[in-house]
Amino acid sequence: MTSSTLALTTSSWWSQEPRGQLSTTTNRLLRTITSQLRSLSSRSLSTTSSLTSTRAITKRLVNNMIEIVLATDAAHHFTELAKFKSRVTAEDFKPYGEDKLMVIKMMVHLADISNPVKDFDLALVWTGLLYDEFFKQGDREKELGRDISFLMDRKTINIAGSSIGFSRMLVQPAYEALALVIPLAQVCLDNLNNNISRWEELKSDFEKKMKSGENFIEESRGKIKKPNAFPDPNRRKSSLLGSFKNNYGAIPNNLLDGLVNSHNDKLLEP
């Protein structure tokens, strides 16, 4: 089987997907998944019989991956959670059979909104980073004379209160349903309940911060530095060369150059 044959087949499946409804990040992720599956298949097959079988398997894998990625869309949270609860409580529920994909989709979605179930110190930092981003967007919208988007007005949003609402309305019911299938998820619920209590204790403090104009979480400041999207390739090359030499000793320079250039190319891939 040639890679070009499978590439054409996969491209035809991909062209039928509703790409216009997906975000740029989602499109990129799905293209990467498709590319990796195509590459894997092209290396592992050589007969006509295996070609037909692998086309079906690859199509199923691609379709499953697309469903899993789309399941992270919070717009479908309540609809998908209702379906999940219905299946989990059904007598014929089969988490290792026909319901496996549904369980995986829910797990990936809950991983996507899992910050409230982390240890509080870590959840606090990421909550601060999130609201820094939200409030900057709200400030910009206000400058442009637009309505400020939901949760993005630093003068009206109590970060602690919003975190409690998000945890109770979206996260808690979903993790309770997941714990019926995966009992170990109870530790997430324990963290969540503890975090809600901590946020309750901080509500009055954040009310004061909101009114004072200092509406941010101090613990998150300085945690993320602005990355250089296009680092100096010569500096990067020098650093990598030093690393290779330290780890592998005397390696011919032409080999090192090839390794470093390959690494830099991957850094700049879309």
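This short talk covers a pocket, a cavity and a helix pair in one predicted model.

Some ground rules. Residues are numbered from 1 along each chain as its sequence is written, and side-chain values use heavy atoms, with hydrogens and water left out. Because the model is predicted, local features need pLDDT of at least 70 and side-chain atom pairs count only at pLDDT 80 or more, while totals for chains, interfaces and linings use all residues.

Let's start with the pocket. A pocket here is an open set of points on a 1 Å grid over the protein atoms alone, with protein on both sides within 12 Å along at least five of seven lines; lining residues have an atom within 4 Å of a point. Points join across faces, edges and corners, and a volume is the space filled by probe spheres set on the points. The largest pocket has a volume of about 850 Å³. Its lining has 29 residues. Nearest its centre lie Pro-116, Leu-130, Tyr-131, Phe-134 and Phe-166.

Which elements give two or more residues to this lining? They are H5, H6, H7 and helix H8 (186–212). Helices are DSSP runs of H or I, at least four residues, numbered from the N terminus. H7 gives the largest share, 8 residues. By class, the lining of the largest pocket has 17 nonpolar, 10 polar and 2 charged residues. Nonpolar means Ala, Val, Leu, Ile, Met, Phe, Trp, Tyr, Cys and Pro; charged means Asp, Glu, Lys and Arg; the others, Gly among them, are polar. Domain 1 (58–113) and domain 2 (118–223) each supply at least three residues of the pocket lining. Those bounds come from an automatic or database domain assignment.

Now two of those helices. H6 (residues 120–143) and H7 (residues 159–181) pack at about 110°, axes 12 Å apart. Axes are lines fitted to C-alpha atoms over the stretch in contact, and angles run from 0 to 180 degrees between N-to-C directions. H6 and H7 are therefore roughly perpendicular, a label for 65 to 115 degrees. Thr-127, Tyr-131 and Phe-135 of H6 meet Ile-159, Ser-162 and Ser-163 of H7; contact means heavy atoms within 4.5 Å.

Last, the cavity. In a cavity, a 1.4 Å probe fits but cannot get out. The count is 1 cavity of 30 Å³ or more. The largest cavity holds about 90 Å³ of space. Its lining includes His-76, His-77, Glu-80 and His-109. H5 (100–112) and H4 (77–88) each supply at least two lining residues. H5 has the largest share, 4 residues.

Key. Parallel < 35°, antiparallel > 145°, perpendicular 65-115°, else oblique.
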